[in-house]
Amino acid sequence: MSEVQIDKFSGTHRQLLAAIEGLSEEQLTWKRAPEVWSVQEVLSHLTDHSIVTSFRIRDILAGTAAQLPAFEQDAWVSGQHANQGGTPDILDAFHALLTYNTLLLQRLTPEDLTKTGVNPRGQTVSVADLVNGFIRHVENHLGQIERIKQAAALV
């Protein structure tokens, strides 16, 4: 797949803002259990994922032969004490990365979008695959945010 939906990619920030609209700090940091993420931790994870995706795209475009990096998402979220941060700061970082990456995507040629690298699972992925995977990843976590909100409402 060599097409990317740049508008859909750049719209993920708006989707996240809509998903958390009206939530208090207590609701953003509420956890059903210690090992389960809060809404804020989901947002932090998505920002981390944006950092990793940014690196992977640039590594492919640079033509390096190294396998694209993996990351331990749970360890990243817990290691940075994400629930003790601030949602506005997390979303500002997400938005900045999203804007920077959108500008990059707008400069790429169709050929650039088909350039590939090897992901941590050993699969060959293109720049377009990474971008489209990022969009799907955010959509999956929007569902998780809704489930957390529903669970919190029952408490």
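Modeller: A word on terms: helices (H or I, at least four residues) and strands (E, at least two) are DSSP runs, numbered from the N terminus. Residues are numbered from 1 along each chain as its sequence is written. This is a predicted model, where local features need pLDDT of at least 70 and side-chain atom pairs count only at pLDDT 80 or more, while totals for chains, interfaces and linings use all residues; side-chain values use heavy atoms, with hydrogens and water left out.

Colleague: Where does lysine 31 lie?
Modeller: Look at helix H3 (25–29) and H4.

Colleague: Is lysine 31 buried, partly exposed or exposed?
Modeller: Buried means under 20% relative accessible area, exposed over 50%, and partly exposed in between (1.4 Å probe, protein chains only). Lysine 31 has a relative accessible area of 26%, so this residue counts as partly exposed.

Colleague: Which backbone oxygen does the side chain of lysine 31 reach?
Modeller: Contact means heavy atoms within 4.5 Å, and leaving aside neighbours within four places in sequence, lysine 31 is in contact with Val36, Trp37, Ser38, Glu41 and Asn83. At 3.2 Å, its side chain reaches the backbone oxygen of proline 34.

Colleague: What is the angle between the planes of phenylalanine 9 and phenylalanine 134?
Modeller: Rings of Phe, Tyr and Trp (its six-membered ring) pair if their centres lie within 6.5 Å; planes under 30 degrees apart count as stacked, over 60 as edge-to-face and the rest as tilted. A search of the whole structure finds three aromatic pairs. In this one the centres are 5.3 Å apart and the pair is tilted, with an angle of 55 degrees.

Colleague: How many residues apart are phenylalanine 9 and phenylalanine 134?
Modeller: At 2% relative accessibility phenylalanine 9 counts as buried, and so does phenylalanine 134 at 1%. Phe9, Phe94 and Phe134 form one aromatic cluster. The pair links distant parts of the chain, with phenylalanine 9 in helix H1 (residues 6–10) and phenylalanine 134 in helix H8, and the separation is 125 residues.

Colleague: Which element gives the most to the lining of the largest pocket?
Modeller: With seven residues, the element that gives the most is H8.

How values were computed. Polar contact = N/O pair within 3.5 Å; in protein donor to acceptor, adjacent residues only side chain to side chain.
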